[in-house]
Amino acid sequence: MKTALNTLKKTYSFASIFEDFKQLTKVGLAISVVFSSLAGYLLAVGADGFSFKILSLLALGGYFMVGASNAFNQIIERDLDALMDRTKNRPIPSGRMSVTTAFIIAAIFTILGIGILYVINPRTAMFGAISIFLYTCVYTPLKTKTPLAVFVGALPGAIPFMLGWVAATNQFGIEPGILFMIQFFWQFPHFWAIGWFLFDDYKKGGFFMLPTGKRNKATALQIIMYTVWLILISIFPVSGLTGELKLSIIAAILVFIAGIGLLYYGIQLYRKMDKKSAKALMLASVGYITLMQIIFVVDKFLQ
């Protein structure tokens, strides 16, 4: 009986440590970012140029890159996280993980992430390093200073989609530039929706996430405006002016319809001005970026 209890205790302890590790590195977010990178890679390669090795390195390096950024972020914001209901049970503010342990994990992830991406090519590693730096050293400190932090945070947040293209080609041109712009504009309706329905909790930590600092018509209108820009840039490849990044008319129509669906939720938020509508918009934005990337990739291989 005693042996069984000890085994159960060890199992529970390992499960707890693993769960804290997942929370520190935000595994769910990391996976979504890796998905964007892989989509960018598939858009850049043909059937004859596909490399499972590069794809695997991109996925692994991308995960380490995002995990490092999230770990550094939670180290810096540990005192503020303790003030918010959403984050107070994270490993560091709850006391389950020391700052030293978290820093070691973040440092190892940074080295591994940049190193693995460098094996793919130097440009991919450079953009990965820029992403970690901007997220950790610029975006994170600005969150308590100005709503412009969302704009700054959109820069590293937009890198993953284009990173896949750079990993496949070792080149930066109009094609990865367009992929960057798509994910850049997407982040405004997404994060402003989060900032809206978590407004009260963010306020406890002193974070400024909404463009006007308030849940008002002006903020909702900006969400609509950025959603329109997102739709336009998403269908722009159908014009044939974006180099090797192409989109068929049928695919452009599908992306446009998905965009109109996202715009609908933005308009609903403008009309109702409530948390429920903001949360619906956030979920719709996740659905949009995922569906849009799938359409782009499927269309590329059907052309």
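Val238, Ile249, Ile250, Ile253, Leu254, Phe256, Ile257 and Ile260 make a nonpolar surface patch of about 750 Å². The model is predicted.

Q: Where is valine 238, one of the patch residues?
A: Valine 238 sits in the loop between helix H11 (217-235) and helix H12 (249-272).

Q: Why does valine 238 count as partly exposed?
A: Buried means under 20% relative accessible area, exposed means over 50%, and partly exposed is in between. Valine 238 has 36% relative accessibility, so it counts as partly exposed.

Q: Is asparagine 73 buried or exposed?
A: Apply the cut-off of under 20% for buried. Asparagine 73 has a relative accessible area of 1%, so it is buried. Asparagine 73 belongs to helix H3 (residues 52-76).

Q: Which residues does asparagine 73 contact, leaving aside neighbours within four places in sequence?
A: They are Tyr135, Thr140 and Lys143.

Q: How many residues of helix H8 are buried?
A: Count residue by residue. In H8 (residues 159-169), nine of 11 are buried, and the helix is mostly covered. Among the buried ones are Phe161, Met162, Leu163 and Trp165.

Q: What follows H8?
A: Asparagine 170 does. Its phi is positive, near 60°.

Q: What is the average pLDDT of the protein?
A: pLDDT is the predictor's confidence in each residue. The protein averages 91, and 95% of the residues score at least 70. Residues 1-11 have pLDDT below 50. Beyond near neighbours in sequence, that stretch has zero contacts in the model. Where pLDDT is low, predicted coordinates should not be read in detail.

Technical notes. Residues are numbered from 1 along each chain as its sequence is written. This is a predicted model: local features need pLDDT of at least 70, side-chain atom pairs count only at pLDDT 80 or more; totals for chains, interfaces and linings use all residues. Side-chain values use heavy atoms; hydrogens and water are left out. Patches are made of residues with over 30% relative accessible area and no salt bridge: like charges are joined within 9 Å, nonpolar side chains (Val, Leu, Ile, Met, Phe, Trp, Tyr) within 5 Å. Accessible areas come from the Shrake-Rupley method with a 1.4 Å probe; for residues, only the protein chains shown count as cover. A salt bridge is a side-chain nitrogen of Lys or Arg within 4 Å of a carboxyl oxygen of Asp or Glu. Helices (H or I, at least four residues) and strands (E, at least two) are DSSP runs, numbered from the N terminus. Buried means under 20% relative accessible area, exposed over 50%, partly exposed in between (1.4 Å probe, protein chains only). pLDDT is the predictor's confidence in each residue, from 0 to 100. Contact means heavy atoms within 4.5 Å.
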